[in-house]
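Visitor: Hi! Could you walk me through this one while I have it open?
Guide: Happy to, just ask away.

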Amino acid sequence: MTALGLYRPGTSVLHRLPAGAKLVGLLAGTVLLVVLRRPWQLGLAALVEVLLYALARIPPGVAWTQLRPLRWLVVVVAAAQLLLAGWQQALWVTGGLVLTVALAALLTLTTRVTALLDVLHRLLRPLRRFGVDGDRVALLLALTIRLVPVLSGIVREVQEARTARGAGWSLTAVAAPAVVRALRTADHVGEALVARGVDD
Amino acid sequence: MTEIRFTGVGHRFGERTVLAGVDLVLTERRIGVVGGNGSGKSTLARMINGLVLPSTGTVTVDGLSTARKGRDVRRRVGFVFTDPDNQIVMPTVAEDVAFSLRRHRLPDPEVRRRVTEVLDRFDLAGHADHPAHQLSGGQKQLLALAAVLVTDPDVLVADEPTTLLDARNARRVAALLAELPQQVVLVTHHLHLLSGFDRVVVVDGGRVVADADPATALAAYDRVLADPAGPAIP
Ligand SMILES: Nc1ncnc2c1ncn2[C@@H]1O[C@H](COP(=O)(O)OP(=O)(O)OP(=O)(O)O)[C@@H](O)[C@H]1O
Ligand SMILES: [Mg+2]
């Protein structure tokens, strides 16, 4: 399984580009995608993104993993826009959405989390005066990314324990033990952070 | 070796006394801590790097009090937990090891060199850029160990590091621990890991009930386990 938006090591130009430059590129690309108003512009943008993915040597299967979680959202949005605003509007809203997510995914696929965190850290430095601790914010983000698989593992185990005892899926019955275990995990992680010198 | 000193240490969680009257001077290279569930081993181990501060008495590491010099103590004492998932904080393997070096403010190439070196040593070099959650349980524990040892601490405290591992990985981790030049304090229920240790401390009901070479201490532990009266502090 390829996890969503995780770095894939490589040596392409996109991999070697500094993280800050890529972030600026993502920002510019997103703005562009929002202001696009013609189907041919959208087509051109799609072509550029396909070329960028090829340049980064991301296999189509991996690219699809990035976009797959969007598929229902796309269907709902497209249907609503079709009914309310016509096919052109539907095309560029959903197209814009998919292309923006794909562009963001390309950034995370070609950039190490630490490199992104370092940029974030630099960006937040001027805010130090107002009490914003860049290290903390960066750590928080890294921990969030790290703990997503841990938490989904907890939910899976709780559900499996229920299945083993012959019970089916139930949101409340799974949520309660899962939240308790998640909180316990949070305690342990906090302790481990202290042991690893976060406060020093 | 480093000197870990417990002087008149007691600990209470709320009303509950979990450690009492602990006096220990630990200077040996290999020290084991054994005892039943809830006997107070983890509390004792966590005191060595100041994760738990004693309610009474003091704990010092090379004369540094864990209460007043917690940071300095933690620089000398590395800690490995039972569940590596709680200890790995970065999304990928190499990044997690590098995270330990952040407070050392080393230049990038030096960080890379040390990370590569320690990953090589733990057979994780091929996984450097892999997501941590894709490692097996054994590999995760190796990563946790690598991330602690990359900072080259003087002492390594490990609280049941092999409990969640299968026999092969447990042996692997134990072998790595055995080879370390560092002083090691190992809390474990896997008693066979303690052969060849210099000293074993037996904890029961919050007290040190035996403290000797492995053979003598483990024989005493056997008698504790067989005692129908149970521990002194329930
Ligand atoms: N944070 C806490 N709050 C309250 N009680 C605690 C806390 N941590 C531990 N205890 C209690 O203190 C006692 C000793 O716990 P400790 O974790 O040190 O035991 P242990 O010897 O490590 O046991 P095990 O072999 O099960 O890991 C137990 O009765 C436990 O319930
Ligand atoms: Mg314990």
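Visitor: Which residue stands opposite Arg16(B) in β2(B)?
Guide: That's Phe13(B). Keep in mind that this is a predicted model.

Visitor: And how many bridges join β1 of chain B to β2(B)?
Guide: Seven, with the two strands running antiparallel. Strand β1 covers residues 4–13 of chain B.

Visitor: What order do the strands take in the open sheet of four?
Guide: In chain B the order is β2-β1-β4-β5, and the pairing is antiparallel. Because β2 (16–26) and β5 (64–65) of chain B each have a single partner strand, they stand at the edges, and one side of each has no neighbour in the sheet.

Visitor: Which strands does helix α1 of chain B lie across?
Guide: Helix α1, residues 41–48 of chain B, lies across β1, β2 and β4 of that chain. The angle it makes with β1(B) is about 125 degrees.

Visitor: Switching to the ligand: which residues come nearest to ligand 1?
Guide: There are 13 residues around ligand 1, and the nearest are Arg16(B), Gly38(B), Lys41(B), Ser42(B) and Thr43(B).

Visitor: What is 2.7 Å from the side chain of Arg16(B)?
Guide: An oxygen atom of ligand 1, with the distance taken to an N or O atom of that side chain. Gly40(B) has a backbone N or O atom 2.9 Å from a ligand 1 oxygen. For His189(B), a side-chain N or O atom is 3.0 Å from an oxygen of ligand 1.

Visitor: How much of ligand 1 does the protein bury?
Guide: The protein buries 62% of the 630 Å² that ligand 1 exposes when taken alone. The most come from α1(B), which gives three residues.

Visitor: Now the six-stranded sheet: what's the strand order there?
Guide: This open sheet in chain B goes β6-β7-β8-β3-β9-β10, with mixed pairing. Its edge strands are β6 (77–80) and β10 (207–212) of chain B, each pairing on one side only. On average, neighbouring strands are turned by 15 degrees against each other, ignoring direction.

Visitor: In what sense do β6(B) and β7 of chain B pair?
Guide: Parallel, over four bridges. There, Val80(B) stands opposite Ala158(B) in β7(B).

Visitor: And which strands does helix α6 of chain B lie across?
Guide: Helix α6 (167–179) of chain B lies across β3, β7 and β8 of chain B, at about 135 degrees to β3(B).

Note on methods. Residues are numbered from 1 along each chain as its sequence is written. Chains are lettered from A and ligands numbered from 1 in the order in which they are written. This is a predicted model: local features need pLDDT of at least 70, side-chain atom pairs count only at pLDDT 80 or more; totals for chains, interfaces and linings use all residues. Side-chain values use heavy atoms; hydrogens and water are left out. Two strands pair if DSSP finds at least two bridges between them. Contact means heavy atoms within 4.5 Å. Axes are lines fitted to C-alpha atoms, for helices over the stretch in contact, and angles run from 0 to 180 degrees between N-to-C directions. A residue is near a molecule or strand if one of its heavy atoms lies within 4 Å of it. A polar contact is a pair of N or O atoms within 3.5 Å; within protein, one must be able to donate a hydrogen and the other to accept it, and residues adjacent in sequence count only if both atoms are side-chain atoms. Accessible areas come from the Shrake-Rupley method with a 1.4 Å probe; for residues, only the protein chains shown count as cover.
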